[in-house]
Amino acid sequence: MVNLIIDGQAVSVPEKTTILDAALAAGIDIPHLCYLKEINEIGACRLCCVQVEGEEKLTPACNNVVAEGMVIHTDNARVRAARITNLQLLLSQHDCRCALCVRSGSCQLQKLANDLGVLENRFPEDLPTQKQLRWDQDFPLIRDNAKCIKCMRCVQVCDKVQSLHIWDMTATGGRTQVNVANNREIGDTACSLCGQCITHCPVGALRERDDVQAVLRAIEDPEITTVVQIAPAVRTAWGEAFGLTPEQATVNRIAEALRKVGFDYVFDTCFSADLTIMEEGSEFLERLRKGDLERYPMFTSCCPGWRRFIKSQYPELVGQLSTAKSPQQMFGAVVKSYFAMKHDIAPEKICCVSIMPCTAKKAERAMPSMKNRAGLPDVDYALTTRELVRMLRAKRIRVEDLAESPFDRLLGDYTGAGVIFGMTGGVMDAALRSACYLATGKNPDPDAFREIRKGAEGAGAYPWCEKELDLAGTKLRVAAVSGLGNARRLCEELRRGKVHYDFVEVMACPGGCAGGGGQPVHCDDRERARERGQVLDRLDSALPIRFSHENAEVAELYRSYLGSPLSEKAEELLHTEHEVDRQ
Amino acid sequence: MMETQNESQKVMARLYRDIQRRISASPLGFCPVDMSLNFLRTCHAQSCGKCVPCRIGLGQLAGMLEAVLEGECGLGILEDIEQTARAIADTADCAIGYEAAQMALRGLKGFREDYEEHILHGHCSCGLEYSIPCMDVCPAHVDVPGYIALTRAGRYEDAVRLIRKDNPFPSVCGYICEHPCEARCRREMVDAAVNICGIKRYAVDHAGHMDAAACAPATGKRVAVVGGGPGGLTTAYFLTLMGHRTMVYERQNKLGGMLRYGIPDYRLPQEILDRDIQYILDTGVEVRLNTDVGTDVTLEMLKQEYDAVYISIGAHDDRKLGIEGEEGANVVSAVEMLRGMAEGNVPDLGGKRVCVIGGGNVAMDATRTSLRLGAAGVTCVYRRRIDDMTALPEEIRQAQNEGSEILTLHAPSRVELDGEGKVAALWAQPQIISELGRDGRPSVRAAAQEPVRIPCDYLVVAIGQTIQYKYFEDNGIGTNRGTIRAERTSFVPGSGNVFAGGDAVSGPATVIRAVAAGKVAADNIDDFLGYHHTITVDVDIPASQLTNSPACGRVNLSERAMGDIAGDFGLVSMGMTEEEAQQECGRCLRCDHFGIGNFKGGRTYQW
């Protein structure tokens with residue numbers, strides 16, 4: 001242990017603890033902005049500089065470790081003057097029109113300036129030129145150079161966590177900017193649209209394209225029937241923005257809120273998650289039987305970030321993706337066929353909206369292959385959880401006062417298996433539950449495959465989770481991985497023949513959709529994927545039905561419309577050829 | 001009245017020196033337009049204000065560059081810039097103005113694409129190249145801040161292990177590396193570059209015995225290395241660590257190449273070289289000495305017998321003067337002389353007058369060796385000035401200190417032989433320093449003076465070396481101006497399984513370049529053999545200090561006082577004391593921790 005004094009308090013912390021963490025242990029929260037534990041410890045913003053007695057300069061607390069006998073002042077006059085100067089310098093190059101910013105209220109720069117009482121700036125504004133502000137406003141991910149504070153977090157998250165190197169510093173000296181690496185346009189890069197740069201941006205420099213107004217216009221159009229679906233992980237996070245506890249922030253409260261917004265039909269994407277299991281599980285057994293998976297596994301296809309990743313990084317493995325569409329797309333396809341038929345609504349008069357924890361879903365729904373024969377897109381708008389929150393606020397809905405309301409019927413049933421789609425390992429767990437049933441005719445213990453969801457807890461021997469099991473006499477090896485850097489490691493090991501699996505689930509965001517790039521962002525930099533995943537885990541355990549093949553309305557859909565999994569109709573509506581949609 | 005500097009002038013004089021040091025330590029990769037703009041502003045501030053083009057024009061020029069950088073103009077501005085700069089260059093009254101305009105013109109021509117990129121796209125095509133300057137500039141990318149921190153902590157073995165991750169010649173480099181790492185050392189901005197080479201020497205001199213590193217499981221692949229110099233041994237070392245069997249073919253009866261047969265003992269004692277070689281051999285590198293590829297074995301045999309072949313022959317042939325009398329007796333090349341020394345063929349120079357021709361490090365080695373062989377007088381004849389010599393300044397200084405004469409601005413024109421065909425004198429044409437060439441270096445031309453006669457009994461020619469490429473050329477290896485043609489991966493195109501690097505490909509260079517080439521070759525040969533081994537080392541690098549040490553002079557190595565130089569082949573330079581090493585290590589600015597080094601680029605833990 002190392003003993004030191006911080007602001008007059010004696011502190012004892014393990015060796016190699018940073019000054020920042022040591023202070024935190026003593027209850028002292030040193031202001032910081034660029035620092036992101038283990039990802040961005042570069043001391044760029046200099047707001048965490050403290051005075052260490054005996055040192056000539058001030059010392060950044062985030063990337064220097066404590067030493068025995070140190071005496072540290074985190075907030076004396078010298079430190080404060082330097083901190084405020086640096087904060088004002090940052091503000092001089094930041095578009096401070098907070099009223100026009102999606103991150104107003106969850107912006108770390110805004111909070112720090114307020115906390116530290118910075119009410120004016122002695123430095124004149126120095127914002128980027130018009131040319132430096134250019135951005136494709138139709139792209140699902142929007143970057144505002146005038147708000148970027150060059151903390152480098154997006155660069156580091158994309159480099160270290162997602163391994164895609166989309167962002168970089170451009171130019172040098174005082175003209176240094178963060179922008180798309182190698183001076184490319186964002187649309188010309190391999191960006192997976194995972195949105196992790198957005199959720200790790202301390203300010204409003206990165207956000208999703210806002211589609212809320214377009215959705216509201218559709219709702220207000222009397223000719224149009226609006227149908228909305230809510231993805232599993234949305235229920236784990238939406239309440240954070242309204243100060244609701246997980247118990248209060250139920251999906252049925254969202255359902256009621258969305259009815260108040262004016263949607264005609266409200267459904268849960270968990271329904272089509274169950275449907276996905278029927279298709280993907282059947283496809284897996286089929287491909288396994290055909291010997292398709294001897295060298296490489298079948299990969300899940302529900303995560304659009306992962307699909308964009310594999311297409312650009314491992315095009316030779318694209319054939320291993322399941323042909324099943326994602327639950328979002330399956331839902332839309334079923335709404336504009338079966339649902340339309342049952343309700344006698346012309347499909348072109350339906351506007352299908354999805355609420356997703358994801359930014360890549362906006363691009364997925366727009367893919368040319370995600371349209372039906374008539375050329376209608378399965379899904380018309382994909383909103384992130386953050387957009388949901390903004391929409392509810394815009395409609396002045398007091399969510400805390402709402403009663404819960406059930407989902408509409410026909411596509412309203414869902415099982416625990418569908419719910420856990422929102423966390424890493426969940427798709428695999430759900431698939432194994434039903435694959436076991438399909439192979440043996442008997443339900444396994446629904447908790448038999450929990451282990452594959454342990455990735456949510458942190459890494460084991462590999463940066464991914466694996467499990468070996470016996471499926472009616474066939475030995476199976478399956479894995480679940482989240483985070484694209486981890487997915488890359490897995491693909492490399494697969495390519496080198498170091499590991500072999502039959503079935504692999506990949507989710508682009510660390511922890512799965514619970515940690516999705518479309519989820520609410522907070523000021524505290526706490527990674528919430530794990531606790532959000534636990535919400536799903538609890539919901540699954542509490543549901544009476546935990547097997548996708550026991551979803552009654554899914555069964556009815558097959559009986560009265562699709563026939564069986566992988567039928568011609570099912571192939572047409574629920575599957576896709578991945579090769580077609582080259583980026 | 002006596003003129004004295006006032007306080008502000010004194011401070012300015014110091015600031016000028018500060019900025020000079022800062023500029024000299026500039027890393028590459030900064031936006032050239034931005035840099036040009038700021039050079040221009042400095043020039044403008046230097047204007048005395050008398051003349052229009054300089055007083056107003058340089059400011060307008062700066063404004064145009066600013067517009068380019070802001071992307072607020074069309075391509076037409078480039079013509080405006082050029083016309084304005086040309087007018088300033090043509091009409092400015094003094095160098096302050098016209099040289100500033102010339103710099104702007106050179107930049108406009110030299111990086112026009114970058115100008116266009118700014119105008120058309122509002123951004124720059126540049127990118128910072130040096131994250132940790134010493135490490136990035138080192139051809140082998142040795143972890144300099146890492147081993148300095150370890151040396152400071154007294155962890156000498158760890159320091160040496162860290163160096164060996166990238167360079168299996170830590171001892172050799174501690175003594176004779178040309179230390180390009182020091183050229184861009186950021187400490188130069190504070191006071192002076194850290195004496196990196198001296199710190200390395202301190203670490204290797206104080207490290208205890210180290211067991212050979214463990215090798216990866218045997219792959220069953222075999223690689224032949226032609227030439228047991230620093231490059232070949234580096235490749236062999238890394239390939240052996242990767243689990244491949246390597247056999248080094250060496251023509252001489254000892255390993256080391258130029259390190260043994262080209263560098264005199266008073267600079268690099270044999271036992272220091274042997275220390276590195278022994279460590280390399282301990283890993284399991286196999287060696288066939290006294291085996292010349294071309295006579296004892298053929299390249300074809302090696303290509304058949306081994307999975308891959310690496311050609312790393314050195315530059316052991318000498319370049320000829322091409323003047324009359326060169327064929328005379330007692331006219332030798334420096335490589336011949338130095339090789340002879342290592343082989344035990346010591347020429348008897350006792351009481352003789354020796355001339356050495358050349359201005360590089362080898363010329364200095366020949367000069368200083370001649371002194372040690374008891375020559376009555378040694379004159380080093382060079383056609384340019386001392387400032388233009390390619391030898392390291394300390395080598396030149398030592399040669400002078402040891403009693404040789406350096407005769408500059410004399411170009412050899414003829415060797416006068418006596419009746420027995422032995423050298424009697426060197427005739428040289430006096431030169432005058434002349435205009436700058438394209439590379440910015442001044443050229444020389446014959447002065448309007450008569451040739452001079454320099455009587456001598458022994459003449460050593462040290463004007464460059466070449467490689468013996470003929471055999472390889474005759475056996476299907478492509479060549480290019482006297483060197484072997486290889487790709488940047490070291491692969492020799494069209495050869496099937498042959499790689500080449502070091503002097504053989506680049507022409508005569510330095511030990512650290514040979515090591516770097518060997519490292520690149522090992523990596524690519526490993527790939528070629530179908531593997532992706534990584535080389536890594538498990539060394540925990542100490543945390544850096546919080547505040548860097550205040551400005552402080554650089555510790556230079558002192559030299560041993562020599563009474564009678566004749567016959568004294570002992571090491572000349574003396575290592576740092578512990579106190580000196582500690583102080584010098586403390587000067588390291590830890591660019592791995594401070595600045596860009598903890599973000600982009602930075603430390604590599606494996607390769």
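Analyst: Begin with two domains: the C-alpha centres of domain 3 of chain B and domain 4 of chain B lie 31 Å apart. Domain bounds here come from an automatic or database domain assignment. For chain B that assignment gives domain 1 (30-121), domain 2 (133-210 + 543-598), domain 3 (222-316 + 467-528) and domain 4 (319-464). The model is predicted: local features need pLDDT of at least 70, side-chain atom pairs count only at pLDDT 80 or more, and totals for chains, interfaces and linings use all residues. Residues are numbered from 1 along each chain as its sequence is written, while chains are lettered from A and ligands numbered from 1 in the order in which they are written.

User: How many residues of domain 3 of chain B are in contact with domain 4 of chain B?

Analyst: Two residues are in contact if their C-beta atoms, placed from the backbone, lie within 7 Å. By that rule, eight residues of domain 3 of chain B are in contact with ten residues of domain 4 of chain B. The domain 3 side of this boundary has five nonpolar, two polar and one charged residues. In this classing, Ala, Val, Leu, Ile, Met, Phe, Trp, Tyr, Cys and Pro are nonpolar, Asp, Glu, Lys and Arg are charged, and the others, Gly among them, are polar.

User: How many residues of chain B are in contact with chain A?

Analyst: Between the chains, 21 residues of chain B are in contact with 20 residues of chain A. On the chain B side, nine are nonpolar, eight polar and four charged.

User: What share of each chain counts as buried?

Analyst: A residue is buried if 20 or more other C-beta atoms, placed from the backbone, lie within 10 Å of its own, exposed if 12 or fewer, and partly exposed in between. In chain A, 51% of the 583 residues count as buried; in chain B, 46% of the 607 do.

User: Which strands form the open sheet in chain A?

Analyst: Helices (H or I, at least four residues) and strands (E, at least two) are DSSP runs, numbered from the N terminus, and two strands pair if DSSP finds at least two bridges between them. Five strands of chain A form the open sheet in the order S2-S1-S5-S3-S4, with mixed pairing. Strand S2 (9-13) and strand S4 (59-60) are its edges, each pairing on one side only. Strand S3 (residues 49-52) and strand S5 (residues 71-73) of chain A are antiparallel over two bridges, and A:Gln51 stands opposite A:His73 in S5(A).

User: Is B:Arg590 buried or exposed?

Analyst: B:Arg590 is buried, with 21 other C-beta atoms within 10 Å. This residue lies in the segment after helix H22 (578-586) of chain B and has a positive phi of about 50° although it is not a glycine.
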